[in-house]
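This report describes a single chain, moving from its aromatic pairs to one helix, a disulfide and the overall fold. The sequence and the structure are shown first.

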Amino acid sequence: MLNLESIIKLIISFSLGIFLGLVTKTNFESKNFVLADWEEPPMVVICPDSHVSAYRVDRAIEWWGIRNKKIAGYHFDHDNKICSLGQFVEGIIFIRGHAMHDPNLYAKTARFTVGFKILSADIHLPNRRKDMPRLLEHEIGHALGFGHVEVLGHIMHPIHEMGGESFWIPD
């Protein structure tokens, strides 16, 4: 049985490990543009709460397709069967519409990766911002494994108003 001292050491070790992992991840992402990749082209699943149109999703997938980033297709999950499975389901990029905690964020994408392989991604696109130009394309860029790049006009610029239609993988 563990005594109190062992439990405290275990908690401190666990916390330190989490902290060092986050520092390492943040450092890696600040120095690299291509963060990870999919083994197979993912499927986009549009959740009922997103209220994103087929036209908007088509345009975003086409935008990345022109740049040789393949997406298997998309599916509207009208009955919420797939979306209700949780945040991460292998091979799927979810588009959700529920609000985020930070009102200053336009959208947010989380990726579930193992090593440098993406297994799943989850895009949170609040309904009030769902139709902003380039926003869905930018978030799909994150779901495809790209980080931010602070170059004026680049689709992956972290400040939406400074982004644009350009895309290239920086040196």
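## Aromatic pairs

The structure holds seven aromatic pairs, where rings of Phe, Tyr and Trp (its six-membered ring) pair if their centres lie within 6.5 Å, and where planes under 30 degrees apart count as stacked, over 60 as edge-to-face and the rest as tilted. The model is a predicted one, in which local features need pLDDT of at least 70 and side-chain atom pairs count only at pLDDT 80 or more, while totals for chains, interfaces and linings use all residues. Residues are numbered from 1 along each chain as its sequence is written, and side-chain values use heavy atoms, with hydrogens and water left out.

A pair of aromatic rings is described by the distance of the centres and the angle of the planes. Two of the pairs are set out here with these values.

| Pair | Centre to centre | Angle between planes | Class |
|---|---|---|---|
| Tyrosine 74 and phenylalanine 76 | 5.8 Å | 85° | edge-to-face |
| Phenylalanine 88 and phenylalanine 112 | 5.6 Å | 35° | tilted |

Tyrosine 74 has a relative accessible area of 29% and is partly exposed, and phenylalanine 76, at 23% relative accessibility, is likewise counted as partly exposed; in these terms buried means under 20% relative accessible area, exposed over 50%, and partly exposed in between, with a 1.4 Å probe and protein chains only. Phenylalanine 88 counts as partly exposed at 33% relative accessibility, and phenylalanine 112 is partly exposed with a relative accessible area of 38%.

Ring pairs also link Trp63, Trp64, Phe146 and Phe167 into a cluster. Charged side chains lie over two rings, where a charge sits over a ring if NZ of Lys or CZ of Arg is within 6 Å of the ring centre and within 35 degrees of the ring normal. Arginine 67 lies over the face of tryptophan 63, at 3.5 Å from the ring centre, and the charged end of arginine 96 sits over the ring of phenylalanine 94, 4.4 Å from its centre.

Helices (H or I, at least four residues) and strands (E, at least two) are DSSP runs, numbered from the N terminus.

In α2 the residues Arg56, Val57, Ala60, Ile61, Trp63 and Trp64 are buried. They cover an arc of only 150° around the axis, which puts them on the same side of α2, the arc being that of the directions from the helix axis to the C-beta atoms. The face of α2 turned away from this buried side carries the exposed residues Tyr55 and Ile66. The buried residues of α2 pack against β2, β3, β4 and α3 (135–143), and contact here means heavy atoms within 4.5 Å. Asparagine 68, with a positive phi near 65°, follows α2.

Leucine 135 is placed in helix α3 and is buried, with a relative accessible area of 2%. Not counting residues up to four places away in sequence, leucine 135 touches Arg56, Tyr106, Ala107, Leu125, Arg129 and His160. Leucine 135 and leucine 125 are ten residues apart in sequence, and their C-alpha atoms are 8.6 Å apart in space.

## The disulfide

The structure holds one disulfide, meaning a pair of cysteine sulfur atoms within 2.5 Å. Cysteine 47 and cysteine 83 form this bond, with their sulfur atoms 2.0 Å apart. Cysteine 47 lies in the loop between β2 (43–46) and α2 (54–66) and cysteine 83 in the loop between β3 (73–76) and β4 (92–96), so the pair ties together parts that are 36 residues apart in sequence. The torsion about the S-S bond is about -100°, so the disulfide is left-handed. Cysteine 47 is buried at a relative accessible area of 3%, and cysteine 83 counts as buried at 6% relative accessibility.

## The chain as a whole

The secondary structure of the chain comes to three helices and six strands, and from the N terminus on the elements run α-β-β-α-β-β-β-β-α. Of the 171 residues of the chain, 39% count as buried. Residues 24 or more positions apart account for 67% of the contacts in the chain with a separation of 6 or more.
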